[in-house]
Amino acid sequence: MGESQGSMRILVTGGSGLVGRAIQKVVADGARLPGEDWVFVSSKDADLTDPAQTRALFEKVRPTHVIHLAAMVGGLFRNIKYNLDFWRKNIHINDNVLHSAFEVGARKVVSCLSTCIFPDKTTYPIDETMGLLPAARLHLHRRHSHQRLRATRQLQHRGWSRASRSHTQGSRSALTVWGTGKPRRQFIYSLDLARLFIWVLREYGEVEPIILSVGEEDEVSIQQAAEAVMEAMDFHGEVTFDTTKADGQFKKTASNSKLRAYLPDFRFTPFKQAVQETCAWFTDNYEQARK
């Protein structure tokens, strides 16, 4: 059952980040419904690791609904180097946001986790019943009114640079791809993910998680992903794979069967089209884009 009709004041934390920008664009392009007031905030508006600042933000906005995207994030090597910082800061952020949402009477909170929460040694495909760490389940179930979901690896807003930046380095004449190129991933276009977040906010009535992902059949290797970027950028230089760099986990194949049961007709943007649109955006906006 979806949300009852009526006014909704929706606070989006992490509003200047990967998914937040995508949601903001989808809303601005016509997804906003009558009675919806969307408020996008970033770390410039409040330090969410600070309980007082978080509470002040929620008191000011008084949201009825929250999409919680704010987090300390980074790739494989940054996580390895600063693992304690990641843990502590994100625990503080999540606790402050959830508690403040409860205190101001928010009716629904949508939070996200990545497939990194699943064990390295598991069976595939991953689904919503598998491998969620007890601490994460306890933390995210601390208020029955809160929603939670997992999102798979995402493409950058109107862009794919987050994924490509963590795996490739290059110039006009040469491109070095870190690792063997063999690991496989499911990539979802950020605008598709944004539309699914909005659906979860309005329509998804369960407390249990739901995986937002393309299908298992859409999994591609890092080599295929690099080749798609090269094609979209019309790159014809030398390409090498630096096998001294870690590959990371070989695969994290996730099932979207539960999502498809709800939305059998949802159309994901084809991978190559998403990469082409991303590279066009990157070229047009390079000077202004966050580096």
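Met-8 counts as buried, at 8% relative accessibility, where buried means under 20% relative accessible area, exposed over 50% and partly exposed in between, for a 1.4 Å probe and protein chains only. This is a predicted model, in which local features need pLDDT of at least 70 and side-chain atom pairs count only at pLDDT 80 or more, while totals for chains, interfaces and linings use all residues. Residues are numbered from 1 along each chain as its sequence is written, and side-chain values use heavy atoms, with hydrogens and water left out.

**Surroundings of Met-8**

- Met-8 belongs to strand S1 (residues 8–13); strands (E, at least two residues) and helices (H or I, at least four) are DSSP runs numbered from the N terminus.
- Leaving aside neighbours within four places in sequence, Met-8 is in contact with Gly-35, Glu-36, Asp-37, Thr-64, His-65, Arg-107 and Leu-201, contact meaning heavy atoms within 4.5 Å.
- Between Met-8 and Leu-33 there are 25 residues of sequence separation and 9.5 Å in space, C-alpha to C-alpha.

**Helices H1 and H7**

- Helix H1 (residues 18–31) packs with helix H7 (residues 190–203) at an angle of about 75°, their axes being 8 Å apart; axes are lines fitted to C-alpha atoms, for helices over the stretch in contact, and angles run from 0 to 180 degrees between N-to-C directions.
- That angle makes H1 roughly perpendicular to H7, a term that covers 65 to 115 degrees, with angles under 35 counted as roughly parallel, over 145 as roughly antiparallel and the rest as oblique.
- On the H1 side the contact includes Val-19, Ala-22 and Ile-23, and on the H7 side it includes Leu-193, Phe-197 and Arg-202.
- Asp-192, which is found in helix H7, is buried, with a relative accessible area of 2%.
- Not counting residues up to four places away in sequence, Asp-192 touches Phe-266, Arg-267, Phe-268 and Thr-269.

**Strand S7**

- Strand S7 (residues 174–178) has a covered face formed by Leu-175 and Val-177, and an uncovered face formed by Ala-174, Thr-176 and Trp-178.
- S7 pairs in the parallel sense with strand S11 (residues 238–242) over five bridges, pairing requiring that DSSP finds at least two bridges between two strands.
- Thr-176 has Thr-240 as its bridge partner in S11.

**Cysteines**

- A search of the whole structure finds zero disulfides, a disulfide being a pair of cysteine sulfur atoms within 2.5 Å.
- Cys-112 is partly exposed, with a relative accessible area of 28%, whereas Cys-279 counts as buried at 7% relative accessibility.
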